[in-house]
Amino acid sequence: METILTVNNLTKKFNFLTAVSDLSFTIKKGNVYGILGPNGSGKSTTLGIVLNVVNKTSGDFHWFDGNTSTHQALKKVGAIIERPNFYPYMSAVENLKLVCRIKEVPESKIEEKLELVGLLERKNSNFKTYSLGMKQRLAIASALLNDPEILILDEPTNGLDPQGIHQIREIIKKIAATGTTILLASHLLDEVEKVCSHVIILRKGVKLYSGRVDEMISSHGFFELKTEKENELLTFLQNNAAFGSVKNENGLITAFLNEPLDANSLNQLLFDNGIILSHLVKRKESLEEQFLTLTKN
């Protein structure tokens, strides 16, 4: 699979603050990557460095095969890293024509991109009449005018209402379905879980995890159990190698699995050991639970 971006041991310091520390990852063509982390974790700084708007302290990165200059490579990149900024008294079409001149691309793509983001019917409306969600969608259309190989979005749903968030997420999925690689920064677990195929988790500039989202949440899950014989159940679980951590909160016992085990087998096993359950539910660990475990809350 073709490599779009390679980051090696990237570090950025602002005086005594290390915003990004020894960060390495690779972006492959055709996937949707999420850089996930709380505010202040180094997401925006990382995007700023690879887009040449923030100077790195050490380390390096290269686009595509490594033989293309960053200036030339960025002609194949679409990016939104700040709030949408267009001329308020110009229409969507007029604003995008101006972007085409700046990017030196033909105007023939304008209506196609407006249709993709659901703004074709409002193409002649002035930008100042747009809602925040519409402004964000116009920014995405603008970033797509040069048919980029990768689209970079920094907190694309920030400040939007639930409808606006849903619209942006659906547009991201549509763009990804055309084969465009996407890299987005977000502090929203839900966003990454619903939109991204891969995730890079940062905390205080340090990478905690990098890999596929489905592999991260493909743990064996956990059981929620209740019984009148709490002590016997706890002893059984703690002495069984199939289980890792076990906790008891007001009679609800949660037991995390180290290996595959279905509910029927566990129920039978406990029954054979004289433990009858009044409650048995098997659950999968969500990305949120995995994230909280990684970042230690």
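Which residue in E2 does Leu10 stand opposite? The views below are taken from a predicted model.

**View 1. The hairpin of E1 and E2.** Leu10 stands opposite Leu23 in E2. Strand E1 covers residues 3-14 and strand E2 covers residues 17-28. The two are antiparallel and pair over eight bridges. Two residues lie between the strands of this hairpin, and Asn15 has a positive phi near 55°.

**View 2. Strand E1 beside strand E4.** E1 is also joined to E4, made up of residues 58-63, by five bridges. These two strands run antiparallel. Asn8 has Asp60 in E4 as its bridge partner.

**View 3. An open sheet of four strands.** The strand order is E11-E12-E10-E13, and the pairing is antiparallel. Strands E11 (243-249) and E13 (277-283) each have a single partner strand, so one side of each is left without a neighbour in the sheet. On average, neighbouring strands are turned by 20° against each other, direction ignored. Strand E10 (residues 222-227) is joined to E13 by six bridges, and Phe223 stands opposite Lys282 in E13.

**View 4. Helices H9 and H10 on the sheet.** Helix H9, residues 230-238, packs on the sheet and touches E10, E11, E12 and E13. The direction of H9 makes about 160° with that of E11. H10 lies across E10, E11 and E13, at about 150° to E13.

Technical notes
Residues are numbered from 1 along each chain as its sequence is written. This is a predicted model: local features need pLDDT of at least 70, side-chain atom pairs count only at pLDDT 80 or more; totals for chains, interfaces and linings use all residues. Side-chain values use heavy atoms; hydrogens and water are left out. Two strands pair if DSSP finds at least two bridges between them. Axes are lines fitted to C-alpha atoms, for helices over the stretch in contact, and angles run from 0 to 180 degrees between N-to-C directions. Contact means heavy atoms within 4.5 Å.
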